[in-house]
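Hi everyone, thanks for coming. Have a look at the model on the screen, and I'll walk you through a few spots in it.

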Amino acid sequence: MVPMQLLRQGGLFAVIKPKDNRAGWRPRTKVRVKIGHGGTLDKNASGILVIGLGQGTKSLKQMLQGKKKYSVIGCLGSGTDTMDAGGKVTEAAPYDHIKQEDIEKVLQQFRGSILQVPPVYSALKIGGKRMSDLVIEGHDVEPKPARPVMVYHLFCTAFDSPYFHLDVTCGGGFYVRSLVSDVGKAVGSCAHVKELCRTQQGPFTLNQALKECDWTFDNITKALIDPRKLVEEIR
């Protein structure tokens, strides 16, 4: 099948979204084809972004709801309005007393099926508009109620005060920013995300994803995968 036909038929592939790039991916071709993504990443986050072309867009809902892996660095002692380093500091608290074992001890309460309050700065919508856009416009926005989310694996891999490193495997609808903020409160301080990277989504890993310099017509057609071959791995 020639590249043009392959693009029109579609499939799934993954790119690595750079930090500070909200858009994540822009096609470098004039070929008219249906396109979508399998879950946004914060502006200040990097990592795997799954793209669907043509018939592949029908599988994006499964990607959105499926397992994802993240590596995150949290910073103790300060909380921000966006829960990450790009926001304004809204609170501060002592953190010198906190050790790695304190972090590890509280992580147990965040494993398995838990209730989580999504951040106000998020892509969730109220009246058809993103909550984050409403806040930026100056509206008073109340957080949405806590909702059930799944955390399959959660470990503290390093600690160098005020920074703590977490590896997280979670299901759809989970917010790592909320997790880091909640962990900070659980250890008697506050915290925000310093760095966040999505390292895997479904079967796609960083090693398989296209770097920004490789977002070309030829590379995309070579990377496309028939979603029917990924059904079991997406779940």
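Let's start with Leu166. Not counting residues up to four places away in sequence, Leu166 touches Tyr70, Ser71, Val72, Ile103, Leu107, Leu154, Phe155, Cys156, Thr157 and Leu179, where contact means heavy atoms within 4.5 Å.

A word on the source: this is a predicted model, where local features need pLDDT of at least 70, side-chain atom pairs count only at pLDDT 80 or more, and totals for chains, interfaces and linings use all residues. Residues are numbered from 1 along each chain as its sequence is written, and side-chain values use heavy atoms, with hydrogens and water left out.

Now, which residues have the most contacts inside the largest nonpolar core? They are Ile103, Leu166, Val168 and Phe174, in a core of 28 residues. Such a core is a set of buried Ala, Val, Leu, Ile, Met, Phe, Trp, Tyr and Cys residues joined through side-chain atoms within 4.5 Å; buried means under 20% relative accessible area, with a 1.4 Å probe and protein chains only. Another core lies apart from it, with nine residues, including Phe13 and Ile220.

On to Ser189. Is Ser189 buried or exposed? Ser189 counts as buried because its relative accessibility is 9%. Ser189 sits in the loop between helix H5 (176-186) and strand S12 (191-201); helices (H or I, at least four residues) and strands (E, at least two) are DSSP runs, numbered from the N terminus. A polar atom of the Ser189 side chain lies 3.0 Å from the backbone oxygen of Pro94. Leaving aside neighbours within four places in sequence, the contacts of Ser189 include Gly77, Tyr95 and Gly184.

Definitions and conventions
Buried < 20%, exposed > 50% of the residue type's maximum accessible area, 1.4 Å probe, protein only. Polar contact = N/O pair within 3.5 Å; in protein donor to acceptor, adjacent residues only side chain to side chain.
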